[in-house]
Amino acid sequence: MTIELLIHAIVRQTTILIAQLATSRGVRAPLAQIANQVFLDLVRELERQGVSRKVSADMFGLGLRTYRRKIQRLTESSTERGRSLWEVVLEHVKEHGLVTRREVLSRFVRDDEVQVRAVLHDLCESQLVFSSGTGPNTTYRAATDEELATLQQRRGPEGSEELVLALMFREGPLTLEDIAARAQLRSAEIEGVVEQLLASGRIQRLERNGETLYRAGALIIPLGASVGWEAAVFDHFKALVTTVLGRLDEQRTAPDDQAGGSTYTIDIWDGHPLAEEVCGALGHMRGWLSDLRARAEKFNEGNEIPDPHTRVVIYAGQCLIREAHEPNE
């Protein structure tokens with residue numbers, strides 16, 4: 001029961017974060033496929049940890065056959081085996097120029113109608129497909145290459161390089177396909193960003209066992225930067241999750257004072273003698289840690305980093321919550 005409560009609490013906080021990100025700065029990011037993505041990511045992670053599908057199905061409260069069918073439905077089209085429903089629906093709209101909802105549903109009659117409708121909605125939200133009309137006669141057409149280029153220019157590339165850089169720094173070295181999978185994009189869409197990062201010298205290309213891999217040696221987002229804040233959010237969240245996972249690992253070898261996290265809550269008010277010192281704690285930590293990193297990097301520049309070596313990830317966060325209690329009646 002304790003673990004269940006913890007999971008529910010974490011999911012709740014994560015959904016709050018996702019909702020805030022999806023609506024930040026006036027954006028309305030499409031969320032149609034989030035539930036399916038979460039399910040498939042959980043399935044893959046359970047399998048990676050060696051949990052059998054029978055046990056996984058039971059954890060989701062599903063029969064094994066139902067569980068397998070759901071995975072199949074979300075990972076590939078029933079009409080065209082081996083390809084995702086999202087992919088084949090988009091291809092169908094592109095090939096036919098202009099199609100109605102009735103025609104699309106008829107083409108993918110073997111697929112779940114709700115899933116087909118969800119894919120169409122997501123394609124429209126992503127502006128890969130445009131629609132007009134209502135009901136069964138709603139018409140769809142795919143955006144042209146020129147329209148996609150114009151939309152991308154309007155959205156701007158700001159932040160995309162930093163976010164891809166963060167993925168490579170924390171999880172690399174990675175292949176182009178690995179980067180695309182983690183970014184939920186096709187390889188062709190990520191190639192341009194990777195090439196720009198290579199040209200600027202922010203990442204390196206290496207060959208290993210016949211594979212081309214990419215890695216980043218550093219990730220620095222200036223304090224208060226208007227570009228790249230998404231990478232900073234990801235990097236902080238990744239550090240937090242990695243630290244918690246390390247503490248959950250029964251085989252951890254680091255002493256308690258070398259791995260883990262601590263949270264301190266201090267109440268202050270206007271006129272409190274320690275208010276300035278408490279509110280300035282994050283600034284003090286940033287200054288000390290920045291100096292420590294600079295001294296370590298200076299030493300590392302003159303010495304070859306051995307393999308294996310230890311990467312120490314330290315994160316710090318601080319927030320101010322204004323508390324106001326209603327007076328007792």
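## Stop one: Ser187

Start by selecting Ser187, which is found in helix H11, residues 187-199. Keep in mind as you look around that this is a predicted model. Is Ser187 buried, partly exposed or exposed? Ser187 has a relative accessible area of 23%, so it counts as partly exposed.

Now show what surrounds this residue. Setting aside residues up to four places away in sequence, Ser187 touches Leu176, Glu177 and Ala180. Select Thr175 too: Ser187 and Thr175 are 12 residues apart in sequence, and their C-alpha atoms are 9.9 Å apart in space.

## Stop two: the nonpolar cores

Next, select Val164, Met168, Ile179, Ile190, Val194, Ile203 and Tyr214 and show their side chains. These are the residues with the most contacts inside the largest nonpolar core, which has 19 residues. In soluble globular proteins, nonpolar side chains tend to be buried together.

Zoom in on Ile203. What is Ile203 in contact with, leaving aside its neighbours within four places in sequence? The partners of Ile203 are Leu165, Met168, Val194, Leu197, Leu198, Tyr214, Arg215 and Ala216.

There is also a second, separate core, this one with 17 residues. To find it, select Val89, Val93, Phe108 and Tyr140, which are among its members.

## Stop three: the hairpin

Stay with Tyr140 and switch to a cartoon view. In E3, Tyr140 is the bridge partner of Ser131. Strands E2 (residues 129-132) and E3 (residues 139-142) run antiparallel, with 4 bridges joining them. The hairpin they form has 6 residues between the strands. Click on Gly133 here: its phi is positive, near 90 degrees.

For the last stop, select Phe169, Arg170, Leu219, Arg293 and Val312. Of the 49 residues that line the second largest pocket, these are the closest to its centre. The space in this pocket comes to about 2300 Å³.

Which elements give two or more residues to the lining of the second largest pocket? Helix H9 (160-171), helix H12 (229-248) and helix H14 (281-301) do. H14 provides the largest share of that lining, 10 residues.

Finally, colour the lining by residue type: you'll get 28 nonpolar, 10 polar and 11 charged residues.

Conventions
Residues numbered from 1 in each chain as written. Predicted model: local features only at pLDDT ≥ 70, side-chain atom pairs only at ≥ 80, totals over all residues. Heavy atoms only, no water. 1 Å grid on protein atoms, 1.4 Å probe; cavity = no way out; pocket = protein on both sides within 12 Å on 5 of 7 lines; lining within 4 Å. Points joined across faces, edges and corners; volume = space filled by probe spheres on them. Nonpolar A, V, L, I, M, F, W, Y, C, P; charged D, E, K, R; others polar. Buried < 20%, exposed > 50% of the residue type's maximum accessible area, 1.4 Å probe, protein only. Contact = heavy atoms within 4.5 Å. Core = buried A, V, L, I, M, F, W, Y, C linked by side-chain atoms within 4.5 Å. Pairing = 2+ DSSP bridges.
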